Amino acid sequence: QVQLVESGGGLVQVGASLRLSCAASGRTISMYTMGWFRQAPGKEREFVAAISWTGDTTSYADSMKGRFTITRDSAKNTVYLQMNSLKPEDTAVYYCAGNFRTRWAPIATSAAPYDSWGQGTQVTVSS
């Protein structure tokens, strides 16, 4: 059983940066696509970023391009989300997700392929 644990969230001001971490246990992430999603109050969960199992390919939601960077460290079994130039509209609970059903799967920007989820970490950006 895979467990994903996010950390690194917090309360920051507009323009600040945060780095979220997602530590996996129970299985190595090295052969699996990983992603980040977020959910703001009253809104549906939305795609943020994804990274291929090799780490060579990434995908971002349009509003995050140029500000967010997803990376992975297979040696640490951890995925990261570097968030820069944060805006109030980035306020949400951020979830880490992994597609552990399919090895070497291509990147997915929808939630459906991801079968393991963390509990989420709150990010609040104040103006």
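**Figure 1. The whole chain, surface and fold.** The accessible surface of the chain comes to about 6300 Å², and carbon and sulfur atoms hold 47% of that (areas come from the Shrake-Rupley method with a 1.4 Å probe, and for residues only the protein chains shown count as cover). Keep in mind that this is a predicted model: local features need pLDDT of at least 70, side-chain atom pairs count only at pLDDT 80 or more, and totals for chains, interfaces and linings use all residues. Residues are numbered from 1 along each chain as its sequence is written, and side-chain values use heavy atoms, with hydrogens and water left out. Going by secondary structure, you get zero helices and 11 strands (DSSP runs numbered from the N terminus: H or I over at least four residues for helices, E over at least two for strands). The radius of gyration is 13 Å, close to the 14 Å that the globule rule gives for 127 residues, so the chain is as compact as a globular protein of that length (the radius is taken over C-alpha atoms, and the rule is 2.2 Å times the number of residues to the power 0.38). Along the principal axes, the C-alpha atoms fill a box of roughly 40 × 30 × 25 Å.

Figure 2. Of the 127 residues, 45% count as buried (buried means under 20% relative accessible area, exposed over 50%, and partly exposed in between, with a 1.4 Å probe and protein chains only). Take the contacts with a separation of 6 or more, and 60% of them come from residues 24 or more positions apart (a contact means heavy atoms within 4.5 Å). As for charge, there are 12 positive and 9 negative side chains, and the centres of the two sets sit 4 Å apart. Lys and Arg count as positive and Asp and Glu as negative, while His and the chain ends are not counted; each charge is placed at NZ of Lys, CZ of Arg, CG of Asp or CD of Glu.

**Figure 3. Asp-90 and its two arginine partners.** Asp-90 lies in the loop between β8 (78-83) and β9 (92-98), and with a relative accessible area of 1% it is buried. Leaving out residues up to four places away in sequence, Asp-90 touches Arg-38, Arg-67, Phe-68, Ser-85, Val-123 and Val-125. With Arg-38, the side chain of Asp-90 makes a salt bridge at 2.9 Å, N to O (a side-chain nitrogen of Lys or Arg within 4 Å of a carboxyl oxygen of Asp or Glu). Arg-38 belongs to strand β4 (residues 34-39) and Asp-90 to the loop between β8 and β9, so this pair ties together parts that are 52 residues apart in sequence. Asp-90 also bridges to Arg-67, where the closest N and O atoms are 2.7 Å apart. That pair links distant parts of the chain too, since Arg-67 is in the loop between β6 (58-60) and β7 (68-73), 23 residues from Asp-90. Both Arg-38 and Asp-90 are buried, and Arg-67 is buried as well.

**Figure 4. The salt bridges beyond Asp-90.** The structure holds four salt bridges. Zoom out from Asp-90 and you find a network of salt bridges linking Arg-38, Glu-46, Arg-67 and Asp-90. Another bridge pairs Lys-65 with Asp-62, with 3.2 Å between the closest N and O atoms. Here both partners, Lys-65 and Asp-62, are exposed.

**Figure 5. Gly-118 in its loop.** Look for Gly-118 in the loop between β10 (116-117) and β11 (121-126). At 12% relative accessibility, Gly-118 counts as buried. Not counting residues up to four places away in sequence, Gly-118 touches Leu-4, Glu-6, Tyr-95 and Cys-96. From Gly-118 to Gln-39 is 79 residues in sequence and 13 Å in space, C-alpha to C-alpha.

Figure 6. Asn-99 sits in the loop between β9 and β10 and is buried, at 6% relative accessibility. Setting aside residues up to four places away in sequence, Asn-99 touches Tyr-32, Thr-33, Ala-105, Pro-113, Tyr-114 and Asp-115. Asn-99 and Ala-111 are 12 residues apart along the chain, and their C-alpha atoms are separated by 9.4 Å. Trp-104 is also placed in the loop between β9 and β10, and has a positive phi of about 55° although it is not a glycine.

**Figure 7. Asn-77 and its positive phi.** Asn-77 is a residue other than glycine with a positive phi, near 55°. You'll find Asn-77 in the loop between β7 and β8, where it is buried with a relative accessible area of 13%.
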